[in-house]
Amino acid sequence: STVYLNGEFMPMTEAKISPMDRGFLFGDGIYEVVPSYSGKLVGFEPHIRRMQDGLTALEIEQPLTLEQWRTLTETLLEKNGGGDLGVYMHVSRGADIKRAHGYPASVKPTVFAFTFEIPSEPVADLDKVKTYKAVTEQDLRWQRCNIKSTALLGNVMHYQASQRSGAGETILFNRHNELTEAASCNVFVVKNGVIATPPLDHQILPGITRHILLDVLRQDGSLPVEERTIDMDEVKNADEIWLTSSSKEIAPVVELDGKPVGNGKVGSVWLAAQRLFSECKY
Ligand code: PDD
């Protein structure tokens, strides 16, 4: 495949960075993943804005403007044949000549992007939906999960717990047994027709799919939705649990820690919500 590295397009096998890159040494960088279905990018602008916010938080200079990111992305999609592709974008602080914790005064950020194949766009169809099993763990990540940092070891280790159990995700709770998010997704629960998701704070990533879903639910108005603290008992007794992320859109969880969620089948509220999401133009 063709990738982008520091201003140039090249074959993946030719892309090289310094081992002194702070992304490699410290995980000192920000990343994004934007889905594109046959050239239609979902939530491009909010994704870029979130990356820019992350770079500002790390005091890394903005290497490209929104429009430059758009041109880069469109070129990369075209060079990789279009279709259903995820676009991975990555900005690290760059390579210094020595390893020191402090931010170096003048290094150029490393900008890297590539595409990868993703499943076709999810549809609101009970026969076609991909369902998930999940396990639970205490959230042992850092206290700045709102920053989409490339330092993902906490997420990776939590995710691996689901793989060991033959599940597909790990749902996390803070030390007060309150729901935060999953290793690579945000989480929604449904009880008696009411949809709820944890509020935005330092404990979760401000997911773009979460944002779009809340927006379309509120605009439609027929399904009540709340952003509030959710405790572990509510998750364990929920009628429905959903994972949201750019590649999954809204994915139903039908089994949690080996027990069925609700009646163990995909719920009717999921169907209504995925239908609204699929119809929206983001
Ligand atoms: N994961 N929470 C975490 C910890 C995530 O890593 C992600 C995304 C989300 C959902 O965010 P969004 O709706 O903006 O994709 C929530 C990406 C896709 C990844 O790391 O591959």
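This is a predicted model: local features need pLDDT of at least 70, side-chain atom pairs count only at pLDDT 80 or more; totals for chains, interfaces and linings use all residues.
Local features here need pLDDT of at least 70, side-chain atom pairs count only at pLDDT 80 or more, and totals for chains, interfaces and linings use all residues. Residues are numbered from 1 along each chain as its sequence is written.

**Exercise 1.** Work out where Gly193 is found and what Gly193 touches.

Start with the elements: helices (H or I, at least four residues) and strands (E, at least two) are DSSP runs, numbered from the N terminus. Gly193 falls in the loop between β10 (186–191) and β11 (194–197). Next, take contacts (C-beta atoms, placed from the backbone, within 7 Å). Leaving out residues up to four places away in sequence, Gly193 touches Pro224 and Val269.

**Exercise 2.** Explain why Gly193 counts as partly exposed.

Gly193 has 13 C-beta neighbours inside 10 Å, so it lands in the partly exposed class.

**Exercise 3.** Trace how β11 pairs with β10 and β12.

Strands pair if DSSP finds at least two bridges between them. First, β10 and β11 run antiparallel, joined by 3 bridges, and Val190 sits opposite Ile195. Their hairpin has 2 residues between the strands, and Asn192 takes a positive phi near 50 degrees there. Now the other partner: 3 bridges join β11 to β12 (residues 225–227), and this pair runs parallel. Here Ala196 stands opposite Glu226.

Conventions. A residue is buried if 20 or more other C-beta atoms lie within 10 Å of its own, exposed if 12 or fewer, and partly exposed in between; C-beta atoms are placed from the backbone. Two residues are in contact if their C-beta atoms, placed from the backbone, lie within 7 Å.
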